[in-house]
Amino acid sequence: MPNDIDTVVYDVSDRIAWLRFNRPDKRNAMSPTLNRAMMAALDELEFRDDVGVLVLGGEGAAWTAGMDLKEYFRETEAEGLRGIRKSQRESYGWWRRLRWYQKPTIAMVNGWCFGGGYGPLFACDLAFAADEAKFGLSEINWGILPGGGATKVAVELLPFRKAMYHAMLGEPIDGKTAAEWGLVNESLPLASLKERVTEVAKVLIGKNPVALKATKDAIRRVCVMTYDEAEDYLVRAQEAANSFDNHGRREGIRQFIDEKSYKPGLGAYDKDRNAG
Ligand code: COA
């Protein structure tokens with residue numbers, strides 16, 4: 001049974017949590033209500049034993065048309081600085097939560113993805129788009145700079161000239177172009193999108209979850225470190241992961257070296273077997 005938290009819906013099947021923006025009539029624009037519902041849903045799903053991967057999708061024609069110009073901007077501005085800062089905390093808060101989420105996360109971009117939508121897009125570890133989707137830093141078209149982290153996302157994911165063009169021109173690009181530019185991992189026809197995302201999610205579910213969390217955090221952390229800092233961080237991060245799950249690593253070595261049942265270069269060890 002789908003669990004409905006109003007502007008956000010989710011259901012869990014075969015260890016995949018399918019979480020969706022659910023304001024299709026408003027192209028899934030992120031209102032303060034939706035932002036609060038997203039945080040609640042992420043909270044509910046994060047440590048469930050029956051969830052191995054979280055997929056963020058959108059109901060209807062949009063993934064998300066960005067911040068709600070009426071409810072997020074106009075109405076909170078009417079409440080003064082207190083209202084503005086509150087709604088910023090709520091939106092940035094769930095994106096940050098998603099960036100460092102316990103489970104691997106996949107953005108499944110089915111349609112429109114504008115402006116503030118780049119926050120959750122970047123927050124997801126992987127991203128797959130429909131060829132039919134449209135991505136844009138539309139802020140310039142209505143008279144602001146790409147805030148709420150969107151400019152940072154553009155420079156993190158795109159080469160300098162492309163980031164500058166994307167932000168200054170405000171022209172939407174389709175899913176295929178988004179994949180060529182590196183905004184998403186892959187683009188494919190909408191009709192095949194869910195099947196491909198399911199396939200990727202299943203591969204992730206087959207891997208050691210402690211190692212996955214350590215790996216995704218390491219990729220984000222080392223981006224801003226020198227080589228020596230990264231080397232040091234990675235030694236310590238692996239040692240910390242070992243204290244949570246030293247057994248998994250030993251079992252992985254055993255299945256390769258002693259049992260010769262798999263090759264780590266070609267796939268994962270069988271984490272459901274345990275020689276003790
Ligand atoms: N904020 C508030 N409302 C929005 C919205 C947003 N970001 N995006 C869409 N909506 C609302 C529209 O106002 C409209 O409401 P109404 O039915 O009460 O009039 C409804 O959603 C449908 O939008 P519409 O523009 O008719 O849909 P469309 O399919 O023709 O176009 C978009 C879709 C996404 C191209 C268009 O809605 C759009 O440009 N939205 C703004 C995108 C944007 O700049 N976002 C950045 C914010 S940071």
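Asp 131 sits in the loop that links strand β8 to strand β9 (134-136), where a strand is a DSSP run of E with at least two residues, numbered from the N terminus. The model is predicted, so local features need pLDDT of at least 70 and side-chain atom pairs count only at pLDDT 80 or more, while totals for chains, interfaces and linings use all residues. Residues are numbered from 1 along each chain as its sequence is written, and side-chain values use heavy atoms, with hydrogens and water left out.

Is Asp 131 buried or exposed? Asp 131 has a relative accessible area of 17% and is therefore buried, a word that stands for under 20% relative accessible area, with over 50% called exposed and the range in between partly exposed (1.4 Å probe, protein chains only). Leaving aside residues up to four places away in sequence, Asp 131 touches Asp 174, Gly 175, Lys 176, Ser 187, Leu 188 and Pro 189, where contact means heavy atoms within 4.5 Å.

Strands of a sheet pair through backbone hydrogen bonds, either parallel or antiparallel. Two strands are said to pair if DSSP finds at least two bridges between them. Strand β8 pairs in the parallel sense with β6 (residues 105-109) over four bridges, and Leu 126 of β8 is the bridge partner of Ile 106. Strand β8 also runs parallel to β11 (residues 186-188), to which three bridges join it, and here Ala 129 has Ser 187 of β11 as its bridge partner.

Strands β9 and β10 pair in the antiparallel sense over two bridges, and Asp 174 in β10 is the bridge partner of Lys 134.

The ligand is surrounded by 13 residues, the closest being Lys 26, Arg 27, Ala 65, Leu 69 and Ser 138, where a residue counts if one of its heavy atoms lies within 4 Å. A side-chain N or O atom of Lys 26 lies 2.5 Å from an oxygen atom of the ligand, and a polar side-chain atom of Ser 138 is 2.6 Å from an oxygen atom of the ligand.

Definitions and conventions. Polar contact = N/O pair within 3.5 Å; in protein donor to acceptor, adjacent residues only side chain to side chain.
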